[in-house]
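Trainee: I would like to learn how to read the features of a protein model. Could we take them one at a time?

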Amino acid sequence: MVDQERNNHTEVSDFILIGFEVSPELHLLLFLIFLLVYVMILLGNIGMMTVILTDPRLNTPMYFFLGNLSFVDLFYSSVIAPKAMTNFWSESKSISFAGCVAQLFLFSLFIVTEGFLLAAMAYDRFIAICNPLLYSVQMSARLCTQLVAGSYFFGCVSSVLLTSTTFNLSFCASRTIDHFYCDSRPLQRLSCSDPFVQKMVTFTLSIIIILPTIIVIIVSYMYIVSTVLKIRSAEGRKKAFSTCSSHLGVVSVLYGAVIFMYLTPDRFPELSKVASLCYSLVTPMLNPLIYSLRNKDVKEALKKLLGKKNGIL
């Protein structure tokens, strides 16, 4: 009986990524949109990392976290975008089994790391605004390194758990993934084995990751708002709110999409694709724009860097 069941489970060597179910005439438009967004991601995040690394004035905890955020954004969007663009022109739209495993593992690693980095950035802003005199002492280089290393560690652990439980499922019913990249929920739909354990792991990880980080962010900003409202100077209040509003905007887009994707019933595959676009491509594109256009120090450092290059040329 067991042998017969095993024979019915055909070994999957690759998957087919359906992507967006639109008419072929729209493939060129979607390809150009993806290409434009990805180029902006590359230029924005590489530019941000270059500015932070080359300007000594940006050698502070806030920019240390921001540099790591740009690194994470650059890499997890690169896990998704090139393959998605290739599939607009590919007839087979296939991805190898190993490629699917690697895509899920790397994307999970970087997206979870980003969540913890955003929480660390909220804590950094809380100390900077609520305890400015103790900022340099409390936000030491050692603590900043530990916070970033911890973010990558939790990202790696959760990614290993999610990837291992997902690919322990039996994929015998179909190899067609109704998504534009390999994600756990679309892969669950292909399983002919009981996905209960995998669903519980996904849900539990989502709760463990989302709740603590979002609590840190909310509590930090409650204290920040309370402190800012006590500032007598209108200019001081404006500067403090400007520093934090960009961070809150990024957090809202990212967490809103992730909560819809992983903590709501899996009933709307097309809406799930739109939500995935928000955190896989839109957020990595917006982060460097928001932090550079609304940040005086970054704009000055960028002008200085571009001025040096023009001088060399």
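Trainee: In E2, which residue is the bridge partner of Asp 14?

Mentor: Strands of a sheet pair through backbone hydrogen bonds, either parallel or antiparallel. Here Asp 14 has Ser 96 in E2 as its bridge partner. Strands (E, at least two residues) and helices (H or I, at least four) are DSSP runs, numbered from the N terminus, and two strands pair if DSSP finds at least two bridges between them. This is a predicted model, in which local features need pLDDT of at least 70 and side-chain atom pairs count only at pLDDT 80 or more, while totals for chains, interfaces and linings use all residues. Residues are numbered from 1 along each chain as its sequence is written, and side-chain values use heavy atoms, with hydrogens and water left out.

Trainee: In what sense do E1 and E2 pair, and over how many bridges?

Mentor: Strand E1 (residues 14–17) and strand E2 (residues 94–96) are antiparallel, with three bridges. Within this pairing, Ile 16 is opposite Ser 94 of E2. E1 is also joined to strand E3 (residues 176–177) by two bridges, and these two strands run parallel. There the bridge partner of Ile 16 is Thr 176.

Trainee: In what order do the three strands of the open sheet stand?

Mentor: The order is E2-E1-E3, and the pairing is mixed. E2 and E3 are at the edges with a single partner strand each, so one side of each has no neighbour in the sheet.

Trainee: Which residues of E1 are on the covered face, and which on the uncovered one?

Mentor: In a regular strand the side chains alternate between the two faces of the sheet. In E1, Phe 15 and Leu 17 make up the covered face, and Asp 14 and Ile 16 the uncovered one.

Trainee: How many disulfides does the count come to?

Mentor: A disulfide is a covalent bond between the sulfur atoms of two cysteines. The rule used here asks for a pair of cysteine sulfur atoms within 2.5 Å, and the count comes to one. Cys 100 and Cys 182 form it, with sulfur atoms 2.0 Å apart. The link is left-handed, with -120° about the S-S bond. Cys 100 is in helix H4 and Cys 182 in the loop between E3 and H7, so the pair ties together parts 82 residues apart in sequence.

Trainee: Are Cys 100 and Cys 182 buried or exposed?

Mentor: Both are buried. Buried means under 20% relative accessible area, exposed over 50%, and partly exposed in between (1.4 Å probe, protein chains only). Cys 144 is buried at 3%, whereas Cys 130 counts as partly exposed because its relative accessibility is 21%.

Trainee: How many aromatic pairs does the structure hold?

Mentor: A pair of aromatic rings is described by the distance of the centres and the angle of the planes. Rings of Phe, Tyr and Trp (its six-membered ring) pair if their centres lie within 6.5 Å; planes under 30 degrees apart count as stacked, over 60 as edge-to-face and the rest as tilted. The structure holds 22 such pairs. One of them is edge-to-face: Tyr 76 and Phe 107, at 5.6 Å centre to centre and 85° between the planes. Tyr 76 belongs to helix H3 (residues 61–87) and Phe 107 to helix H4 (residues 97–130), 31 residues apart. Tyr 76 is buried because its relative accessibility is 0%, and Phe 107 is buried because its value is 2%. Both rings belong to one aromatic cluster, whose members include Phe 20, Phe 34 and Tyr 262.

Trainee: How many cavities of 30 Å³ or more does a search of the whole structure find?

Mentor: On a 1 Å grid over the protein atoms alone, a cavity is a set of points where a 1.4 Å probe fits but cannot get out, and a pocket is an open set with protein on both sides within 12 Å along at least five of seven lines; lining residues have an atom within 4 Å of a point. Grid points are joined across faces, edges and corners, and a volume is the space filled by probe spheres set on the points. The search finds two cavities.
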